Every structure is written in C-alpha cells, then in structure tokens.
Amino acid sequence: MGSPVVLGIESSCDETGAGLVRDGRLLGQALASSMDEHARFGGVVPEIAARAHVHALTPVVGAALADAGLRAGDIGAVAVTTGPGLSGALQVGLAGAKGLAYALGVPLYGVHHLAGHVAADTLEHGPLPDPCVVLIVSGGHTSLLLVRDLARDPIVHLGDTLDDAAGECFDKVARVFGLPYPGGPAIDRTAREGDPRAVPFPRPLTAGPPGSRFTFSFSGLKTAAARWAESHHAAGRPLPLADGAASLQEAVADVLTRKAVAACTEHGVSTLVVVGGVAANSRVRSLAQERCAAAGIRLRVPPLRLCTDNGAMIAAVGDLLVRAGAEPAPLEVSVDPSAPLEYAALHPVAGERVLRQTLRPAGHRSNSASVLAPSAAEGS
C-alpha cells in the first residue's frame, strides 16, 4: 500500500491554499487570494487577511478535493503552515487543520512556510539532490541555504538578508514609482520596455569581507531608487519609468544570482534551486539560467503557479515528513509568526515558543509581513 494522501493548508499571509500530495505527486490544489482587498492600502492588512481566511478555508479545501477527484475520507494526514507569517492568519489555518485532523482521525504536521517553498520544486522536478543550494526570494525573505535531506536534516543558512528582502524592495520602490501593489509583478511588466543599464543603481554587498559573502541587503538599493525618482519629481522632469524599473530589476537579479552561483561553486554543489514569489520574476529566472549554464550548474525553478504561496507546497513537506517517519505535531501545537528556518517541521508550543523568543539574540529581525512594511508575499 502506498503512502497516505496528505492535505496541505497554507494561510500565512493573504492567500488561502490547499493542496493534496501523495508519494511526491500533486493530486489537486486550490487557491483563494485576498490581494484585491489589500491593494488600496498598499500592503497586507493582517485583520483583513485573517477574516478572508475564515471565509475561504472550507471552500478552498473542498475545491482542492474536487480537483483531485477525492473525498475528505481519502485524506490520510494533514499538514499546515505554523510559521512564519501573520499571527491571526496562521491561527485560522491551524484551527482548520486541527479540526480536520481530529474529525478524520489522522495525524497533523506543522510545517515551516519557507520549507514549503523549497519543497514546491519537488512537485515539478522530483526529489531534491543531496546536497543542493537553495535561494529563497520573496516579499519577506531572502536567504541562501544548503539543503540535504529536507525532511530529516537541519537546514544550513549560508546567508540571509540584513534588512529589506528582495520582494520588499520591489514593493516599496513600486510605490515611489507610482506603480500598483503588489510591486514585483508591476516592476517586471514595466521593465520590459526599459533599458536595464540606464540607471547605475548600486549592487549591495557584492564585494565585502568573507563573513558577508552570502549576506544580502536591499535597503540601500531601495533608497537609491527612491532618491532617483524624487530627483526627477523635484526637477519637474518626467520619470523614465521603464528605465527605472528595468535598472532596479537588473540590480536585484544581479545580486541574487551572483551570490547564488558563488555559493554553489564555493560549496562544491552542482544544483541551484530558486524558489519563492520573486522566483517568478522574468529577469531573475533568465539571469540565473545564464549564469548557471556558464558555471556548469543545474538550475531548478518551480513553475510560476508554485512560486507564490500555495497549499501544494505545504502538502509536499507533509508528504516528505510522513514518508520519513517523522513524529506528528503534539495536540498543543501553536503558531510562531517569526519562526527561524531550522527544520522543515515546525511544531511550536506556546510556552516553549515564548521561552525561545526570550533567549533569541538581540537584534533578531522578524521577516513576517506587516502593514508598516508591506510586501507582496508573506511571511512568503
């Protein structure tokens, strides 16, 4: 008899996703987004997102089952995002997942949202090579990881962002440019008509001490782009929007792909996996392909439908955990909105989580989304 069907539930930000996976194969999925409700605010409003999840969760799970041609009774395990992300949004997904798991009498697994992005690629290209370098780029996160067995081994961070993530940079600059939210897709569309060499935007941390070789910083790039736009407005000159968007996009793609390929070379890894919402960016994909081909590195990037937040990626992690014989989550499992990525499974318990956050080093930065620092993706 094969592995059980795993239902995955994702609700970390503004998308309610459900997916069904068995033995590494995607059987069906469905997605609902509250993006339009947030657009007028220029970022995700946590309370609106949580209410949207309440309304969407049951219909989305039903739609995923229908897409797979399955019934609720066919579900053998439930996986759910337990962090990071918006606290209220995560709570809705976890409550729904607990209810389903209890009613069906099946095990429940908590999943780290970013591990879901990593696992999304397995639904298209099969098992991850051991080891591989993974570049996660989204609205809230930019990280370079060394990944071995995703279900069993700790995830090694080669570098993370010191401040703004790549997607956050796109969102904030798009606002200054007068482009709509979310900024990433708007920048990508606008850049098609521009010259990527028109504006010499900086490439942050491309040269620095060994300790920051794979560290990212996009705050300075964001500021440089904002000042460029403001100088045109102050002088009464029309803003060459396409050139600005193309140059910004080129700077982001250059930094991301340069560091990712260098990480593969330094660690003797022959496969680079690029995941997350910003992996949908056309220039990031094309430049990664160019540089990987030149360095003899195999590039894996999920299809566009699996780059942004979705339930299939959470089901994919749940499926890996089930097949690895991992322990299910305890009954008192909670959420951790600022959980660091250490393992694919994430089973925080409220008291233990508070203690861990108390002991976390000063200066730890949460990348969960907030309306004060809006981003297109999530805790994505």
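Q: What makes both faces of E6 count as covered?
A: On one side sit Cys132, Val134 and Ile136, on the other Val133, Leu135 and Val137, and all of them are buried. Buried means under 20% relative accessible area, while over 50% is exposed and anything in between is partly exposed (1.4 Å probe, protein chains only). So E6 (residues 132-137) is mostly covered, with six of its six residues buried.

Q: What kind of model is this, and how are residues numbered?
A: It's a predicted model, so local features need pLDDT of at least 70 and side-chain atom pairs count only at pLDDT 80 or more, while totals for chains, interfaces and linings use all residues. Numbering starts from 1 along each chain as its sequence is written, and side-chain values use heavy atoms, with hydrogens and water left out.

Q: Why is E6 called a strand, and which strands does E6 pair with?
A: Strands are DSSP runs of E with at least two residues, helices are runs of H or I with at least four, and both are numbered from the N terminus. Two strands pair if DSSP finds at least two bridges between them. E6 has six bridges to E7 (residues 142-147), running antiparallel, and four to E9 (residues 271-275) in the parallel sense, so both count as pairs. Val134 stands opposite Leu145 in E7, and its bridge partner in E9 is Val273. E6 and E7 also form a hairpin, with four residues between them.

Q: What makes E8 and E10 the edge strands?
A: The open sheet runs E8-E7-E6-E9-E10, with mixed pairing. E8 (156-160) and E10 (298-300) each pair on one side only. The twist averages 20 degrees from one strand to the next, where axes are lines fitted to C-alpha atoms (for helices, over the stretch in contact) and angles run from 0 to 180 degrees between N-to-C directions.

Q: Which helix packs on this sheet, and what does that helix touch?
A: That's H9 (residues 241-266), touching E6, E7, E8 and E9, with its direction at about 160 degrees to that of E6. Contact here means heavy atoms within 4.5 Å.

Q: What is the strand order of the other open sheet, the one with E1 in it?
A: This one goes E3-E2-E1-E4-E5, again five strands with mixed pairing. Its edge strands are E3 (25-33) and E5 (108-112). E1 (residues 5-10) and E4 (residues 75-83) are parallel over five bridges, and Val5 stands opposite Ile75.

Q: How do you know whether Thr190 is buried or exposed?
A: Its relative accessible area is 18%, so Thr190 falls under the 20% cut-off and is buried. Thr190 lies in H7 (residues 183-191). Leaving aside neighbours within four places in sequence, Thr190 is in contact with Leu179, Leu241, Ala242 and Ala245.

Q: Why does the Thr190 side chain have a polar contact with Ala186?
A: The Thr190 side chain reaches the backbone oxygen of Ala186 at 2.8 Å. A polar contact is a pair of N or O atoms within 3.5 Å; within protein, one must be able to donate a hydrogen and the other to accept it, and residues adjacent in sequence count only if both atoms are side-chain atoms. At 2.8 Å, the pair is therefore inside the cut-off.

Q: How does the radius of gyration of the protein compare with that of a compact globule?
A: The protein has 20 Å; a compact globule of 380 residues would be near 21 Å, so the two agree. The radius is taken over C-alpha atoms, and the globule rule is 2.2 Å times the number of residues to the power 0.38. Of the 380 residues, 57% count as buried.
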